[in-house]
Amino acid sequence: MANTAHLVRRQSSRDLAPQRSLDRLELKEMRGRLVALENGTPSSYGATNSAFDDSSPNTKAALKCAEKVERAPFKPEGGEDDRESWDSKLTFLLATIGYAVGLGNVWRFPYLAQKNGGGAFLVPYFIMLAIEGIPMFYLELAIGQRLRKGAIGVWNQVSPFLAGIGISSAVVSFNVALYYNTIIAWCLFYFAQSFQAELPWSECPKKYFPNGSYAEEPECTVSTPTQYFWYRTTLMASVDINSPTPFNWRIAIALVIAWILVYMCMIKGIASSGKVVYVTATFPYIVLIIFFFRGVTLPGMSNGLKHLFTPKVHILFCDNNISWKLSFGGFKATLNYERCLEEKNNGLPTHHLGHLVTTLENATKSVINCDLQQELENCEAGTGLAFIIFTEAINQFPGAQFWSVLFFLMLFTLGIDSQFGTLEGVITSIVDMKLFPNLRKEILTGVMCLVCCLISMCFAHGAGSYIFVLFDNFSGNFPLLVIALFECIGVAYVYGLKRFADDIELMTGSRPGLYWLICWKYLSPLAMSLILAASIADLFMYGSTYPAWAADLGETVPHEWPLWAILLACLLVTVAVIWIPLVAICRLFSVVIIDDNEKAWFPSGDLKEFHGIVEHEVTTAETLLFCIRPDGSEGFCCPTSPPDED
């Protein structure tokens, strides 16, 4: 959320071409010749006479044509800089969607909804979406489009004291890119495994003995084939985070391939990634629709949906296709429940017991401890939702290999375009800081991908999945809240709400309503402050654990983080947010860390003429709510420079 500024440096090179259309220039020239001034008064002959009214059809058609020319897309004269641009508005829109919708929509939201009150969770979710999520997304897109720089340049131009926000955004993007590409590597590994004649997670592997007999892997029999394949074959999970052996060479190869693919898609910057998003931003939704209809037909679908949407108010103190995800969860829970009944009833399958099972079900559950509700509560969390529950469901599909290929290809495309935006934020920030002024961007991108690939090898060993959880829990959540909070403060209390609203009106032709202004100045900062305080309090009161794979139990058990892991978590948070106060303090003592005062070209004068914008008169509501004075200045506001009149 804190790094979309680089996506909107320049929305469309076609809409911001270096010169006006030839039609408009010719129209002006013809108008000047026909209505020539003679001694300060219009000439009085022919069609130029003000009393002359030619109502012929040809003249009317010509006037309509002239009106159409006047409403041509805005194309200002000159002043264009040499920054990269999107090919079209559609490319920009797809890139933004792809960046915003990622793998978390598949494996994080359903678990959080289930864990935090089911249907009751949707109430605070949509409230926060309305007062924080959408307003902050709008704010970042608008400020990035207006100032037309990367994250560092944007906030340095808002105020030199706020330049640390941009550095923190770049650091968080780097940390997130490190572990996020690991999920893409896992998807590639499963994708490659899906082409086998029989899916390797469809049944337990067998141990063969010299006499020709065999037995199923004991670790697999106490869990499930999908769990065994995930924890043992894919992750090669060790007993805890302090035991990193063995090295997982298969995931290491997948990581190398994943980083090569990212580099190939980003090598030409927007020119290359802009074309890729046509596939990566649309393909997942096609697959999601297919899986939705398949998911709602699975056994246990109603159990999963009921479990999700039944409000659990006692726990309470713009996701996509949530139903098919929880349908699979309900299917997995129902499958485990029936397997439990089968094992406890002398190996007789439940569908063979007929009405006897129905009659004795409640009594059987109390004796053999088979509880469907408990199975629903114990559904896999996090990445396990994608790599365990969904693969369990895919096993039951006719032509399971095809569905597996489709599913993991969808996960790959969901992740790769989010990875573009995340890594582009880092690279753009480095370019804006001019750390390597003579280094070509494609070389810089390659070096960045190589460095990230080498560091990401820390996820390619037995404890790699536990380090992944550490990064996922601490490198993004807390720093992003802090960054977003200061972004909101920077726009609402430093840049100025009226100034920001004026900018949006210049760019779009319409002014943001009071709702957005109230969110930016009051509701969003308040919500983020409360969430941040509650998260820190919860961490200190209840601590944090990670799920370690217990081979003898066939399930994960919570382990306390060791001291070194806690220190690493503190380092991840500190190295991300420390730049905000550090840069401000340095600037206070005249120590310049970011020296980028060159303003990007912005044709405010041409935009005013094009949209027909007149000076906005401050309303009574704006004065009462936001302390905006009649002269346009604001209480609690200190703009760093007057509005541009380019």
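The notes below go from the overall picture to helices, salt bridges, rings and the surface.

**Ground rules**

This is a predicted model, so to speak of a local feature we need pLDDT of at least 70, and side-chain atom pairs count only at pLDDT 80 or more, while totals for chains, interfaces and linings use all residues. Residues are numbered from 1 along each chain as its sequence is written, and side-chain values use heavy atoms, with hydrogens and water left out.

**The big picture**

The protein has 29 helices and six strands. Both come from DSSP runs, numbered from the N terminus: helices are H or I with at least four residues, strands are E with at least two. Of the 646 residues, 50% are buried. Buried here means under 20% relative accessible area, exposed means over 50%, and partly exposed is what lies in between (1.4 Å probe, protein chains only). The protein exposes about 30700 Å², and carbon and sulfur atoms supply 65% of that. Those areas come from the Shrake-Rupley method with a 1.4 Å probe; for residues, only the protein chains shown count as cover.

Start with helix α7, which is mostly covered: eight of its eight residues are buried. Trp 155, Asn 156 and Gln 157 are among them. What does the covering? The cover includes α6 (122-147), α8, α21 (400-433) and α24 (477-508).

Now jump to Leu 532, which sits in helix α25 (residues 514-542). Leu 532 is buried, at 15% relative accessible area. Leaving out residues up to four places away in sequence, Leu 532 touches Phe 478, Leu 481 and Val 482, where contact means heavy atoms within 4.5 Å. Take Phe 478: Leu 532 is 54 residues from it in sequence, yet the C-alpha to C-alpha distance is 7.2 Å.

**Charges that pair up**

Side chains of opposite charge can pair when their charged atoms come close. With a salt bridge defined as a side-chain nitrogen of Lys or Arg within 4 Å of a carboxyl oxygen of Asp or Glu, the count comes to ten. Here are three of them:

| Glu 217 | Lys 207 | 3.8 Å |

The Glu 217 pair links distant parts of the chain, with Glu 217 in the loop between β4 (214-216) and α9 (218-221) and Lys 207 in strand β3 (residues 206-208), ten residues apart. Glu 217 is buried at 15% relative accessible area, whereas Lys 207 is partly exposed at 43%.

Glu 219 counts as buried at 12% relative accessibility, and Arg 232 counts as partly exposed at 24%.

Elsewhere, salt bridges that share partners join Lys 498, Asp 502, Glu 505, Arg 511 and Glu 615 into one network.

**Rings**

Rings of Phe, Tyr and Trp (its six-membered ring) pair if their centres lie within 6.5 Å; planes under 30 degrees apart count as stacked, over 60 as edge-to-face and the rest as tilted. By that rule there are 35 aromatic pairs. One involves Tyr 125 and Phe 126: the ring centres are 5.2 Å apart and the planes are at 80°, so the pair is edge-to-face. Phe 126 counts as partly exposed, at 47% relative accessibility.

Charges can sit over rings too, which requires NZ of Lys or CZ of Arg within 6 Å of the ring centre and within 35 degrees of the ring normal. The charged end of Arg 146 sits over the ring of Phe 602, 3.9 Å from its centre. Likewise, the charged end of Arg 499 sits over the ring of Tyr 495, at 4.2 Å from the centre.

Phe 161 lies in the loop between α7 (151-158) and α8 (163-193), and at 38% relative accessibility Phe 161 counts as partly exposed.
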